[in-house]
Amino acid sequence: MTVWDPRKYLEFADERSRPFVELLSRVNAVDPKVVVDLGCGSGKLTASLADRWPQAHIVGLDSSSEMITEATQFAGSRVSFQVQDLREWRPETPVDVIISNATLQWVPGHRELLPSLVSMLSADGWLAFQVPGNFDEPSHRLLRQ
């Protein structure tokens, strides 16, 4: 089994989608041209961004090739996916919206990465992210044991 198994990931799709939708509800970007989902996972939620912003090009990035393989089923003329280490990602043009749901906590040095992400935004761009604070929960303690 790979670290990020798309089949196992999808077993909890409903639980994973709620925080994404709640985070997205706080983003008031108007007519963005480029929207990037950092840590797009299996791609379904990323593809839904095309409905929210019908004029935008949506890009999903994930470091797991298995996840990107799964996500390609949602690719289209305005939605694309690529394997990418977030620490090395550099967009060709400024991005209007960067969204990241429950990803940055897996990235070493993610706090130091935040200024770099902000620098990739357009003048009125949005950086929307959330990281769960559940590392002391029983499930995480058991995982470490």
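**Pocket, helices and loops**

Modeller: The largest share of the lining of the second largest pocket, three residues, comes from strand 3. Please keep in mind throughout that this is a predicted model.

Biologist: What is the volume of the second largest pocket, and which residues lie nearest its centre?

Modeller: Strand 1, strand 2 (57-62) and strand 3 (79-83) each supply at least two residues of its lining. The second largest pocket has a volume of about 200 Å³. Of the 13 residues that line the pocket, those nearest its centre are Val34, Val59, Gln82, Pro91 and Glu92.

Biologist: How many residues in the lining of the second largest pocket are nonpolar, polar and charged?

Modeller: The lining of the second largest pocket is made up of 13 residues. Sorted by side-chain class, the residues of this lining are seven nonpolar, four polar and two charged.

Biologist: Which residues of helix 3 are buried, and which are exposed on the other side?

Modeller: Helix 3 spans residues 44-52, and its buried residues are Thr46, Ala47, Leu49 and Ala50. These cover an arc of only 135° around the axis, which puts them on the same side of helix 3. In general, an α-helix has 3.6 residues a turn, so residues three or four places apart point the same way. On the other side of helix 3, the exposed residues are Lys44 and Asp51.

Biologist: Is Thr46 buried or exposed, and with which side chain does the side chain of Thr46 make a polar contact of 2.5 Å?

Modeller: Thr46 is found in helix 3, and because its relative accessibility is 0%, under the 20% cut-off, Thr46 counts as buried. Leaving aside neighbours within four places in sequence, Thr46 is in contact with Asp37, Cys40, Ile58, Val59, Gly60 and Phe81. The polar contact of 2.5 Å joins the side chain of Thr46 to that of Asp37.

Biologist: Where does Asn101 lie, and which residue does its side chain join in a polar contact of 2.3 Å?

Modeller: Asn101 lies in strand 4, which covers residues 95-101. Because its relative accessible area is 12%, under the 20% cut-off, Asn101 is buried. The polar contact of 2.3 Å links the side chain of Asn101 with the side chain of Gln130.

Biologist: Is Ala102 buried, partly exposed or exposed, and what is its phi?

Modeller: Ala102 is found in the loop between strand 4 and helix 5 (110-119). With a relative accessible area of 28%, which falls between the 20% and 50% cut-offs, Ala102 is therefore partly exposed. Its phi, a positive value in a residue other than glycine, is near 55°.

Biologist: Is Asp31 buried or exposed, and what is its phi?

Modeller: Asp31 is found in the loop between helix 2 (13-24) and strand 1 (34-38). Since its relative accessible area of 54% is over the 50% cut-off, Asp31 is exposed. Although Asp31 is not a glycine, its phi is positive, at about 50°.

Notes
Residues numbered from 1 in each chain as written. Predicted model: local features only at pLDDT ≥ 70, side-chain atom pairs only at ≥ 80, totals over all residues. Heavy atoms only, no water. Helix = DSSP H or I, 4+ residues; strand = E, 2+ residues; numbered from the N terminus. Buried < 20%, exposed > 50% of the residue type's maximum accessible area, 1.4 Å probe, protein only. Polar contact = N/O pair within 3.5 Å; in protein donor to acceptor, adjacent residues only side chain to side chain. Arc of directions from axis to C-beta. 1 Å grid on protein atoms, 1.4 Å probe; cavity = no way out; pocket = protein on both sides within 12 Å on 5 of 7 lines; lining within 4 Å. Points joined across faces, edges and corners; volume = space filled by probe spheres on them. Nonpolar A, V, L, I, M, F, W, Y, C, P; charged D, E, K, R; others polar. Contact = heavy atoms within 4.5 Å.
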